Structure formats: C-alpha cells, structure tokens
Amino acid sequence: MLEVRELSTSYGAVRALSDVSFTAAHGEVTAVLGANGAGKTTLLRTITGLVRAQGGSATYDGRELTRTAPELMPSLGIAHVPEGRGVITELTVEENLRLGGLGRGGRVKPEDLERIYALFPALADRRAALAHVLSGGERQMLVLGRALMAEPSVLLLDEPSLGLAPRIVAQLFELVQSLVVDQGLTVLLVEQNARSALSIAHRGVVLSLGRVVVDERAEVLAGDDQLRHAYLGF
Ligand SMILES: Nc1ncnc2c1ncn2[C@@H]1O[C@H](COP(=O)(O)OP(=O)(O)O)[C@@H](O)[C@H]1O
Ligand SMILES: [Mg+2]
C-alpha cells in the first residue's frame, strides 16, 4: 500500500500541505478531492519528489518516496500522470508511447506497444499520427498509455477529466476501473469532478487548504448530503 504520513509542504511562506495522512490500499482507487488550490497537485508532486517535503513521509511497500529522485519512480513501480496532458506534439503517438518505456530500462518491445493499443484502440488507429492532431480525450489516453508502458503498480493521476466531455470522462474512468480490477493496479485519482471520481473509487480523501478534512469510504462520502454539499459541490 501507499502510506502518506504527516506530509507537509511549503512554497516559500505559503503552506500548501499540512500534516496530510492517509493510506491508499493495494488494488483500490483512492480519490483525492477538493477545490482548486486545495493542495491536490502539490500532494502528488511531493509524493514523487518533484517538490521537497518539509516533513512527513510517503512510503510504498516500505520504500520512502519523498526523498527518492523523481526519475527513479518508474523503477519503483510508481507512475505519475501530471495535470495538463503534456505530450510531445512533434512526435507521433507511437514515439510518445515509446518514451514511456524508457524509465524501465531496456528496449521497448512490439508486444509492449500492442498491450497499450489493446487498451486504447483509438491510439492504435492513430499510431503514426503526430500527437499534435489528437483531441483532448485522445491526449489523455496517450499520457495514460505512456505511463502504463512502464508497467507500474501505482498510478498517480492528476485531474484526468478536466475539460473533457462527459462521455469521454465516462470512457476514461471505465478504463481506469478495468486496470484496477483486471491488473490489480493501485490508483490515486486526483479530481475536482468528485461525482465521477467517487463512482469508481473505494475511498475518498478530501483536502481543504492543504489539510485532510474527510477520509471515508467512497459510498459513504457520496451518500452523505452534508459532506457532499460542504466539500464536493454536488
Ligand atoms: N509553484 C508554486 N509556487 C507557489 N505556490 C504554489 C505553487 N504551486 C502551487 N502553489 C500554491 O499551493 C496551493 C496548492 O496548490 P495546488 O497543489 O496546485 O492545488 P490544487 O491542485 O488542489 O488546485 C495553492 O495555494 C497554490 O497557489
Ligand atoms: Mg491541481
């Protein structure tokens, strides 16, 4: 499991995370919810060592992550898909996918690519196209597929649904759910779209101003009118 203990992070004088603690269980989706500015992105960036933790820890199967170099994350089985769907637009879909296999070391084999194309038939159809021409939904599939090239056991997803049409969000979340069910992946799903995230999550952790204000089973959180109105906006 991924265990976050009393994690704190500051940007200069701005405290972005204060003593954040929770556990993301193996083979489950843990949704990290909260308003814009709550500290969700900072949480993922602190876990993967992109931002220095001021205190606390994040361990995966006993390994401390916050003081491990970010480039070593793939070799530890951790994949971070940042917000913003960054792809290299001058490269083809397939070349972008190949980059995802680098962190693991060794050559990218044709079957590694085929495994991704089986998950995302839309990417298979466009494998030779420049990433530049992809729609927002396709780009999200590409960054997810690129992360999966490293065969991670933990996937950290930062707002994958932002700006996508509801139908595409549903497809994307269905796919994430199938990865969890079929491959036992552990997912930390950062979302402002609480309703969709909770529909596939086992647990929901709500951040507000850098603190954990709720840590509940997803169906309890989604079914509690008071909590939903106070923190989730639906
Ligand atoms: N690079 C940065 N420098 C200074 N402050 C930052 C930086 N990134 C985020 N912050 C601040 O930290 C807080 C949490 O931001 P963030 O983690 O991006 O929240 P969220 O992802 O939940 O929207 C906000 O107050 C934000 O303004
Ligand atoms: Mg964010």
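Which protein donors does the magnesium ion (ligand 2) have?

**View 1. The magnesium ion (ligand 2) and its protein donors.** In this predicted model, the magnesium ion has T41 (OG1) and E83 (OE) as its protein donors, at 2.0 to 2.8 Å. T41 belongs to helix α1, whereas E83 sits in the loop between β6 (78-81) and α2 (93-100), so the pair ties together parts that are 42 residues apart in sequence. E83 has a relative accessibility of 43% and therefore counts as partly exposed.

**View 2. The residues that surround ligand 1.** The shell consists of Y11, A16, A35, N36, G37, A38, G39, K40, T41 and T42. Four of these residues are nonpolar, five are polar and one is charged. Helix α1 (residues 40-47) contributes three residues to the shell, the most of any element.

**View 3. Polar contacts of ligand 1 with G37, A38 and T42.** T42 takes part through its side chain, a polar atom of which is 2.5 Å from an oxygen atom of ligand 1. On its own, ligand 1 has 560 Å² of accessible area, and the protein covers 59% of this.

**View 4. The open sheet of four strands.** The strands are arranged in the order β2-β1-β4-β5, with antiparallel pairing. At the edges are β2 (14-24) and β5, each of which pairs on one side only. Seven bridges connect β1 with β2 in the antiparallel sense; L7, for example, has V20 in β2 as its bridge partner. Strand β1 (residues 2-11) also runs antiparallel to strand β4 (residues 55-60), to which five bridges join it. On the β4 side, S57 is the bridge partner of R5. Strands of a sheet pair through backbone hydrogen bonds, in either a parallel or an antiparallel manner.

**View 5. The hairpin of β4 and β5.** Strand β5 (residues 63-64) pairs with β4 over two bridges in the antiparallel sense. Within this pairing, E64 in β5 stands opposite T59. Two residues lie between the strands of the hairpin, and D61 adopts a positive phi near 45°.

Methods
Residues numbered from 1 in each chain as written. Chains lettered and ligands numbered in written order. Predicted model: local features only at pLDDT ≥ 70, side-chain atom pairs only at ≥ 80, totals over all residues. Heavy atoms only, no water. Near = heavy atom within 4 Å. Polar contact = N/O pair within 3.5 Å; in protein donor to acceptor, adjacent residues only side chain to side chain. Areas by Shrake-Rupley, 256 points an atom, 1.4 Å probe, with all protein chains shown as cover. Nonpolar A, V, L, I, M, F, W, Y, C, P; charged D, E, K, R; others polar. Donors = N, O, S within 2.8 Å, 3.2 Å for Na, K, Ca; no water. Buried < 20%, exposed > 50% of the residue type's maximum accessible area, 1.4 Å probe, protein only. Pairing = 2+ DSSP bridges.
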